[in-house]
Amino acid sequence: MTIHIEWDNVRAEFNDPYTWDEYDAASSKIRDMVAGVSHRVDMITLLNPKISQPPGNGFPHYRRTMLQMPPNFGLFVSVGAGNPVARMIMSTLIKVLRMKTPSAFANSLEDARALIAQCRAAESAQAAVVGNS
């Protein structure tokens, strides 16, 4: 498969050209992985800037992916959308698809992991404050 999926929270790596069928299969695998556990699962997507999306309209695929994610799906972090055009496209997708899932950009895998850790720490601190009220 040209989209590699593994646990690291959940990490999807887009290293080779892929088809929409492969994207849909990878999305289903991610959904099943997230649904198979009860804890929060964040997602890191590693985008190869040399790889473009398959021909055709990607919006229905992206929309279906985000709508089908289980409630324990957490932060969505995109790595590799480092140039302003790629960030603009990703930001537009997030707005158009009305993603309720919080999302962010990172410059590296290490930055993505750190961002997730910071987000979780902030949420834990907030929950502790609310719990002590």
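Student: In what order do the elements of the protein run from the N terminus on?
Tutor: This is a predicted model, in which local features need pLDDT of at least 70 and side-chain atom pairs count only at pLDDT 80 or more, while totals for chains, interfaces and linings use all residues. Residues are numbered from 1 along each chain as its sequence is written, and side-chain values use heavy atoms, with hydrogens and water left out. The protein has four helices and five strands; helices (H or I, at least four residues) and strands (E, at least two) are DSSP runs, numbered from the N terminus. From the N terminus on, the elements run β-β-α-β-α-β-α-β-α.

Student: What is the order of the strands in the open sheet?
Tutor: Two strands pair if DSSP finds at least two bridges between them. The open sheet has five strands with mixed pairing, and its edge strands, E1 (3-7) and E5 (103-106), each pair on one side only. The order is E1-E2-E3-E4-E5.

Student: What does the twist average from one strand to the next?
Tutor: Angles run from 0 to 180 degrees between N-to-C directions, and axes are lines fitted to C-alpha atoms, for helices over the stretch in contact. From one strand to the next, the twist averages 20°.

Student: Which residue in E2 is the bridge partner of Trp7?
Tutor: Strand E2 covers residues 10-14 and runs antiparallel to E1, with five bridges joining the two. In E2, Trp7 has as its bridge partner Val10.

Student: Which residue in E3 does Glu13 stand opposite?
Tutor: E2 and E3 run parallel and are joined by five bridges. In E3, the residue opposite Glu13 is Leu46.

Student: At about what angle to E1 does helix H1 run?
Tutor: Helix H1 (residues 20-35) lies across E1, E2, strand E3 (41-47) and strand E4 (73-79). A contact here means heavy atoms within 4.5 Å. The angle between H1 and E1 is about 5°.

Student: How many of the residues of E3 are buried?
Tutor: Buried means under 20% relative accessible area, exposed over 50%, and partly exposed in between (1.4 Å probe, protein chains only). E3 is largely enclosed by the rest of the structure, because its buried residues number six of the seven.

Student: What is the relative accessible area of Asp42?
Tutor: Asp42 is found in strand E3. Residues that it touches, leaving aside those up to four places away in sequence, include Asn9, Val10, Gly74 and Ile116. Asp42 counts as buried because its relative accessible area is 0%.

Student: How far apart in space are Asp42 and Ile116, C-alpha to C-alpha?
Tutor: In sequence, Asp42 and Ile116 are 74 residues apart. In space, their C-alpha atoms are separated by 7.4 Å.

Student: Which residues do salt bridges that share partners join into one network?
Tutor: A salt bridge is a side-chain nitrogen of Lys or Arg within 4 Å of a carboxyl oxygen of Asp or Glu. Asp42 forms one with Arg40, the closest N and O atoms being 2.8 Å apart. Arg40 counts as partly exposed because its relative accessibility is 21%. The network of salt bridges that share partners joins Arg40, Asp42, Arg120 and Glu123.

Student: How long is the polar contact between the side chains of Asp42 and Arg120?
Tutor: A polar contact is a pair of N or O atoms within 3.5 Å; within protein, one must be able to donate a hydrogen and the other to accept it, and residues adjacent in sequence count only if both atoms are side-chain atoms. Between the side chains of Asp42 and Arg120, this contact is 2.7 Å.

Student: With which residue does the side chain of Glu13 meet in a salt bridge?
Tutor: Side chains of opposite charge can pair when their charged atoms come close. Both residues of this pair are buried. At 2.9 Å, N to O, the side chain of Glu13 meets that of Arg11.

Student: How many residues apart are Arg64 and Asp24?
Tutor: The side chains of Arg64 and Asp24 meet in a salt bridge of 3.5 Å, N to O. The pair links distant parts of the chain, with Arg64 in helix H2 (residues 59-67) and Asp24 in helix H1, and the separation in residues is 40.
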